[in-house]
Structure formats: C-alpha cells, structure tokens
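Visitor: Please walk me through a few features of this model.

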Amino acid sequence: MTGKRKSFSLNDKRRLIEAYDKLPKMSQRVAATKLGIPQATLCSLLKRRQTVLAANNGDRKRIRSGKAPVVEAALVKWIDNAQSCNAPLSAPLVKEKAEELAAKLGEDNFKVSIGWFERFKKRENIVFKKLHGEAAEADMVSPGEWLEDQWRQMRQEYTEENIWNAAESGIYFRALPHSTFTFRSDNKRGGKKLKERITALFACSAAGEKKELFVIGKSHNPRCFNYVHTLPVRYAANAPAWMTRNLFVGWLKEWDRKLAQERRKILLLVDSSPAHDMTNTTLKNIRVEFLPKNTTSFLQPCDQGIIRTAKAYFRKEMARTVLQKLDEGSPATAVDIVKKISLLDAVLMLRDAWADVGASTIRDCWRKVGLVMSLKEELETVDPPAEISAEEFEQWIAVDDSTPVSEPVTDEDIIAAVREGFGMGTDTSDEEEEKVETVVPSRAEMRNAIRILKTGLPHVGFNNFDLLHHFAKEVNLVLDKTTIRICEMTYPHGTEPIHKTEKNMLDFIFSVDDPVTWHTMNLMQNRKHYSFLKYLGPKKISSIQNGHGAGVYYNTLVPADGRIIKYGIISTDTMIEDLLHWKTLYIAGRLHKPVKILLQNDNGKLRAALVANLKSAVTASFLMLPESFSEEDLFMQIAGLSYSGDFRMVLGEDKSKVFNIVRENMQNFQLLYSSILQECPQVVYKPQQGKLEVDKSPEGQFTQLMALPRTLQQRITLLMDPPGKNHDVEEILLQVAQDPDCGTVVHQGISSIVKSSSITQSLKGIATAGLMKTVSYSAKKVQKMWKGWRRRT
C-alpha cells in the first residue's frame, strides 16, 4: 500500500532548493535520497526553480494565477511603486485602482469581488497596516552615520581605482529650451518639450575611470541601426525605455566576466531602486553595496555633477546641430530639425558627451560626498552656446531630471510594461523611427569628407597635422580593406571564427541573397581568387555552389592584409534550411561554436534560425551526455557535433582540435549558450558551480528527441527502422527514448549526416580551389595533424 503523497508549501520548496544547492556534485537520484524526497519530485521542483523562488506567499502549497493575471500584474506594479514612494494605501483605494487598470487594459468583464480581492492579497502576500512615525523611519540612516560606521569598514579592501558608482538618468533626446530658437526659426510657440526618451546608465570610479554607457531605448530594432556594425555603447530596449532588474543583472554579469579576465575585483555603489534587486544573483568580482534609502542626493557621486556635466555637453552639441541647420538657411523650424535627430544620432552625441567629462570632475564629485579623501580639484564648466542664456541652459539641462528611470509611475507606463511582459504589446517605436530618414554615406563620400577636412582645417587654425594624418590613414585603411572589398555586396551574415590565432588562416562565411549577382561583382574585383571555374561565368559558379556538396562555394588561400584567408559563399535560403533542419550540418555545425558576426542585416528568419540552431545543438548534446555533467563536457560535445563522421578527422585534421577549440574559448561558449541553458526547462543549470543535470527519463528523452531537427529525426528513424516498414517517426522516436543506447543512436544519426556532406563538399572543393591550392591546403592540414600527434606523444 502506497503512502499518502506529501504536499510541500512554497517555503518548504524554497528550503529544498537551497539544501540541494549546498550539496556537492552528485546525480539527482542520490540527491533526492539525501533530501528524503522522490527523484521525480526533485526533478519537477528544480524545473520550476525560478517560479518558486519568485513567489511571495510562502504558506501556500500551489502557485495559482487569478482570473485576470494581466490586471493583477499591473496592480502589483502599481502597489510596488506606491510603496516605494511611501504612499499610504487602503483596501478601497486598491480596489478602485484595480477596476481602473482593468478598464485601461480592455478587461471589460473584470469586477472586484470580495473573494477575488482576498485571494489576490493572499497570492501576493499583501497586508495593509498603519506605519507610525518611528516605525516608518526605523530604517533611516543619516549620511554622516553611514559614512562613519559602515562605509569606513566597507571600503577597506579596495583602492580608489576599484571603487565605483553607477546611476541611471532619463534623457529627452529631442527636447528644446523654452524660447531660445523662436526668433531664429520663426516658431511662434517657442520650443517644445519633446518627450522621446532614453535611459542611460553612467558608471565611474573614484579615480576618474569611466565605463562605457549602457543606453536603453524603446525599440529593439530601430531602423536607424540597420547596417550599423558596432555601437559605441551597450544597447537594450523595452516599451517604457527604463532600467529593469534583468537588464541590470545582465549588465553586471557581463562586467563581472570582463573583470575576471583582468583579475580585478571592485566595489560598486548603487541606490536601492527595485531595478537593482540582486536576489539570487551571484557575482565573483563585483561586490554590490546599496546606499541608504533617501540619501542618494547626498551620497551618490554621479548625482553631484557627473551626470549633469555629461548632459551639459550633450545639450551643447544638440544646440550646435540645430543652430548649424538654421545658419545654413534651412526653412525648417527648430522643432522640425530636432524631430530629424535619430536615436543613433542621440547615442553618438551622448557617447561623445560622456567622453568629454573629465577625470578631475569625477574625482571631485567623489570627494564632495565624503566617500574618498582627496585634494579638491577644479570642476570643469560647460559654457552655454552664445544664443542661450546661462539660466535657460541650466533649465534645459535639468528638463529630464525627474524622468523615471526604473519603475512605473504612471498608469500608461505600467500598462505598457505589462502588455510587453504578456506579449500583448507591439513595438510602436519603430513606426516613430520610420519618420527619421538615416542616410548612410557611401565610401566615396566618406573619402571626400576626409579630403575636405585635410584641406579646410588648417584655415581655421587647426595645426595638429600628425593627428589628422593618422585619423585619415585609419579611416582609409577601413574603407580600402581587402576583406571589406570581398564583401562589397550587401549580404546578411558574415562570420569569422574567434578561436583563430594570428598564425592560422582566417575562415569567413558570407551569406548572400543573390549568389549570381554576388559572384558577378566579386569576379570583377577579385578574379584571381577563383580557380579555372571563373571561365564558366557567375551563373555556372552559382549552380555548382547550390547543386553540390553543402551548398557552399569556397575560395581558399587568399592573401588579405598580410594574412591568408578562405571565404565561403552560401545563399541565405540554403543557410536557413541547414540551421533549422541540419540538412548537411555543414554551416550549422560551424555556427555551434563561437564566431564573430561581422555584419547582419534585419533578416528575422535568419536571426530566428541562428537561435534555433544553438538550441538544437544543446538538445542533441543532452541526449548523448550522462545525467550529470560539467559545462566543459557539454561544450566539448557541442563543438564535436560537426566533426562526428567527418572522414577528415581520420586523415587531415588535428585529433585534439575539438579540445583546443573549447579550451581557448570557454568564456565565449558560456556567453553563447548561457541564456539558452538558463531558460531550458529540461536541465538544471548551476553556472556558479559549472555543472548541469538533465532529465534522462524516457519521457524527458522523448521530449528532447521530438525537438531535434527534421533531418536528424529522419536519420534516426532509418537506423532503427529499415526502409519498407513505413512506421511513424513519432512511434520510432518513442522507442528510441526507452532504449538505454539512445545517445549512441543519436550520435550515429549525426555522423551519417556529417559523413555524406563532408565527402561531397571536399570533392567539390578540389574543383573550386583548383589542383595546386588543393594540394597546398591538404599539405598544411596533414602537417598540422602531424604536429598535434607529436605534441600528444
């Protein structure tokens, strides 16, 4: 007779998760025995880890959602914001707000009943109570007390170079001063407070060092960013353009990894905003400390003039842009001119403004609040433009000081955030960006601009000719670079392996929409790159590319800027098909490893296929690994997928190639796969410990088999069910899931795909590279294999 099934409260579940995290590395089965619970219960609990830890009410045994989860989510945000502002709340007030938010969200059938309200309070652990004067201020600490008692001890282990402060500020990047441009632009209404906004995170050290800006906008893919290879800032987006906990933690984790490479540890001071919540976040090289509540205006260095100075430089450059247009005789008003300022323009201006903030200003702001003891330095002053009075310039700088940067403050902000979280919203900022036409100058125009600068600057007193010479040389080097000329045609995707060293040949892949046009232009510019096939013309070359092997046409042993490269051309459609279905696993396998994306246009299908390919690599590897394994085990398995069954691994490749790829790129593998592993419901991922546990039950393996790419499923079916029987694929995969040798079958299926594509692609390579290059290339491979064998022996 079976015993009664035990039901755990949320507090019990939290304690079980915490106890499990403290256990040494072991299988789930052993861990479940130590914790005194069934393995199935532990597996289910770990899959719901984030939900359990995020739940508020610890006495409940189930996490239930209400009848209107969208309304409840909005109401929780409104309550959290009210409490952060110390606003008194009562039950009638909250009920009234619930109905108001429901109406704005279009929930016409929602009514606040007594039963719903009581269940809502219980679900969210909400209690209404009166805060008396002393109790309300019990956690208040004066700046002097904190500096004397806590800060003195906190900073002992850190030098000024390793003590940092970070703070956000909202910026209306199209706002104008109230009246300055009226007479210049004949705008009778004066300037307008245009409220298109971004949020910028500023971070600096007590020694004056600055970190690159983190800018948050409203649009994930603004049109003005199309074809922009790199941005001088970190960029993210959400509907209200504010800082969120996920964005902040992601920024911290990336910085933490960089500090690990530098072998450096820092102390970071931030305010106690809800967006800075560090719950369940572990950092190895950043110690985050919070300033006491209601003291940031006294203790935060960034608020003592650092951000203000950056904004002053930004506004001054904006004024210069508007006045220049007006001086050129533009018939547009000042308002019309600033409406043409794109998000990209704003980001570039803000980056330059941040670069102009001097280290002495930063150090003096730290000294001013008493966080460091240093000599007083003279603060830099930013003089207003001649057309703007000092008073108006100050008002203009402060126009967005009260802009919220992290938490909702209006119903519209709350609703926008909730709609985005529930997938109900649309990114309307792209429509706004469409009005701003971003014209990308041609290479010829950029070269001409350099010539104009070299000719014109001496006439206005510029005499740093060495700086001008080196600047012109660097720009022309980029414009004239051989690898850029190869890619002159517009193509959506170019990659370069990032594990290569200076001695290795660089490997490029160019995905193009129209191979015939691409080869036509490339034959005109780089005819010597091609073998004898160049005499057949671009149409025949494209036919050979698409009709044989893996759909890739390679030109190899090409000299470029003192290096030797090879580059392959593949059509975008062929690439997407391989990424999604693993038809040849040729390009898909190469993109399982960290690569450098040189250029990627706005192709939604390609972006989705790249992510799907990484998820497929993880799923296939799970099936071939044991129940418990390390990150390195996983990445070794993933990196080896495209070499399984490749005949060149027998003769022509270094046997330790996979190990070398993973060893030299461990952090890059972690960056590439961390988000996928954290979101995957089939695995328990412990990044701090570098270990993973996957569900190896027949049900779990069947789920993974059903998620594999189509071609691999078909190969597995052929292995298990010879042709002629015509059994259902799902039925065969269900049998494989119950087979103890499931991982071996998956490996055989992958090997069969790679074997056929590697042979046909290699045979095609003899023709595309030519006999001489083929012999030379093969000799280098054999020599490399021999060196690898000598090192091991």
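Guide: L763 lies in helix α34 (residues 742-769); helices are DSSP runs of H or I, at least four residues, and strands runs of E, at least two, numbered from the N terminus. This is a predicted model, where local features need pLDDT of at least 70, side-chain atom pairs count only at pLDDT 80 or more, and totals for chains, interfaces and linings use all residues. Residues are numbered from 1 along each chain as its sequence is written, and side-chain values use heavy atoms, without hydrogens and water.

Visitor: Is L763 buried or exposed?

Guide: L763 counts as exposed because its relative accessibility is 57%; buried is under 20%, exposed over 50%, partly exposed in between (1.4 Å probe, protein chains only).

Visitor: How do I read a sheet?

Guide: Strands of a sheet pair through backbone hydrogen bonds, either parallel or antiparallel. Here, an open sheet of 3 strands has antiparallel pairing and the order β12-β14-β13; two strands pair if DSSP finds at least two bridges between them. β12 (628-630) and β13 (683-686) are the edges, each with a single partner strand, so one side of each has no neighbour in the sheet.

Visitor: How many bridges join β12 to β14?

Guide: There are 3, linking β12 to β14 (residues 691-694). In β14, E693 is the bridge partner of S628.

Visitor: And a nonpolar core?

Guide: In soluble globular proteins, nonpolar side chains tend to be buried together. The largest nonpolar core here has 64 residues, with W146, W151 and W366 making the most contacts inside it. A core joins buried Ala, Val, Leu, Ile, Met, Phe, Trp, Tyr and Cys residues through side-chain atoms within 4.5 Å. Helix α13 (residues 306-327) gives the largest share of this core, 9 residues.
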